[in-house]
Amino acid sequence: SIMPATLSAISNGARHGILFKGGVHLEQLSDLQAIAFDKTGTLTNGKPEVTDVLVQDDLSSDEVLLVAASIERHSNHPLANAIVKYAQQRLNEKFIDPDSIEDVPGWGVKARIDLIEWKIGKSKFVGEEAVKQFKNNKAKELAREGKTVVFIQRGEELVGMIALKDLVRAESKKAIDRLKKQGLYTIMLTGDNTQTAQAIASESHVQEYIAECLPENKVDHIKQLKEKYGNVAMVGDGINDAPALATANVGISVGDGTDVALETADMILMKNDLSRISDAVNLSKRMNRIIK
Ligand code: ADP
Ligand code: MG
């Protein structure tokens, strides 16, 4: 049975845009030691925009962009959506229909067009050797600016790079600062590369970041954090984050997260406002004082 204090805390939360799926998680929140955040769509807006398109000397950037967007059209990743939108605004040509498509979550997309294999995604996906051969390689500089670089490979050759910038949510910094003041250890887990991760981590004030994290790595890191700190929350929005949300003591999703994240989470921030987490922690502390 649910205690009256728990019920009242749940309804109080609802009034503040925090949806709890039961009292157990509310109790664990009062004794939270650490909190992990996904980057894209959680600490950031999740709506990256294309800032740079770079191609090999002998190629036209419009042609490369057209193929890249034609392939990314078959992925739901925020980076893919941004590339498609940019191409639609810039090009007048119709998209190409690839002969085959393979979306590889956490890595990128593979496609075959007229017997040629294309790969679009992070450097480790297209192969770091290919990345080194790219003339006028600005990938490091772009990443240091907090941009994510998407690499485009045609057969064995790296033909282009698309840089995208995803802004840190306006309230992320304040939300993290508040959690730190409450004594919580804050950490960011991301599939993105080290340079980009570092830029976003310092912009959002988290104490630690882990880059190049595959979905299964996120789970491992949550397990390690639990061993080291005790009660751990995970905040995420993506399909990728669902296993980590389920592993944490308290899984938290933002309201505009993917269905899978919303289903898996124990708590949902209806207004996407990360500073509500601190409110929830306070709420649960008050509730526990009443119960005990
Ligand atoms: P994040 O933790 O940043 O949300 P993901 O785990 O979804 O990232 O993906 C990790 C990285 O793999 C991305 O930062 C990107 O470099 C690359 N990637 C994944 N999917 C795609 C895609 N559809 N197009 C281009 N790059 C992709
Ligand atoms: Mg995400």
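Two strands are taken as paired if DSSP finds at least two bridges between them. Helices (H or I, at least four residues) and strands (E, at least two) are DSSP runs, numbered from the N terminus.

Colleagues, the model before you is predicted: local features need pLDDT of at least 70, side-chain atom pairs count only at pLDDT 80 or more, and totals for chains, interfaces and linings use all residues. Residues are numbered from 1 along each chain as its sequence is written, while chains are lettered from A and ligands numbered from 1 in the order in which they are written.

I begin with the sheet to which that pairing rule applies. Six strands make an open sheet, ordered E3-E8-E7-E6-E5-E4, and their pairing is antiparallel. At its edges stand strand E3 (49–55) and strand E4 (100–104); each has a single partner strand, so one side of each is left without a neighbour in the sheet. From one strand to the next the twist averages 15°. E3 and strand E8 (residues 157–165) run antiparallel and are joined by six bridges. Within E8, Lys165 stands opposite Glu49. Helix H5 packs on this sheet, where it touches E3, E7 and E8, and its direction makes about 75° with that of E3. Contact here requires C-beta atoms, placed from the backbone, within 7 Å; axes are lines fitted to C-alpha atoms, for helices over the stretch in contact, with angles from 0 to 180 degrees between N-to-C directions.

I turn to the other sheet. It is open as well, with seven strands in the order E1-E13-E12-E11-E2-E9-E10 and mixed pairing. Strand E1 (18–20) and strand E10 (208–210) are at the edges, each with a single partner strand, so one side of each lacks a neighbour in the sheet. The twist here averages 20° from one strand to the next. Strand E2 (residues 32–38) pairs with strand E9 (residues 185–189) in the parallel sense, over five bridges. Phe37 has Met188 in E9 as its bridge partner. Helix H14 (residues 276–291) packs on this sheet, touching E1, E2, strand E12 (250–254) and strand E13 (267–269), and its direction makes about 50° with that of E1.

How is the chain divided? There is a domain 1 (4–45 + 168–291) and a domain 2 (49–165), with bounds from an automatic or database domain assignment. Their C-alpha centres lie 31 Å apart. To the contact between them, domain 1 gives 14 residues and domain 2 gives eleven. On the side of domain 1 that touches domain 2, the elements giving two or more residues are H3 and helix H10 (194–204). H10 supplies the largest share of that side, five residues.

Which residues are closest to ligand 1? They are Thr40, Ser75, His77, Lys122 and Gly191, among 22 residues that surround ligand 1; a residue counts if its C-beta atom, placed from the backbone, lies within 6 Å. Two or more residues of this shell come from each of helix H3 (39–43), helix H5 (78–90), strand E5 (108–113), strand E6 (116–121) and strand E7 (147–154). Domain 1 and domain 2 each provide at least three residues of the shell.

Finally, the chain as a whole contains 14 helices and 13 strands. Its C-alpha atoms fill a box of roughly 70 × 30 × 30 Å, taken along the principal axes.

Note on methods:
Two residues are in contact if their C-beta atoms, placed from the backbone, lie within 7 Å.
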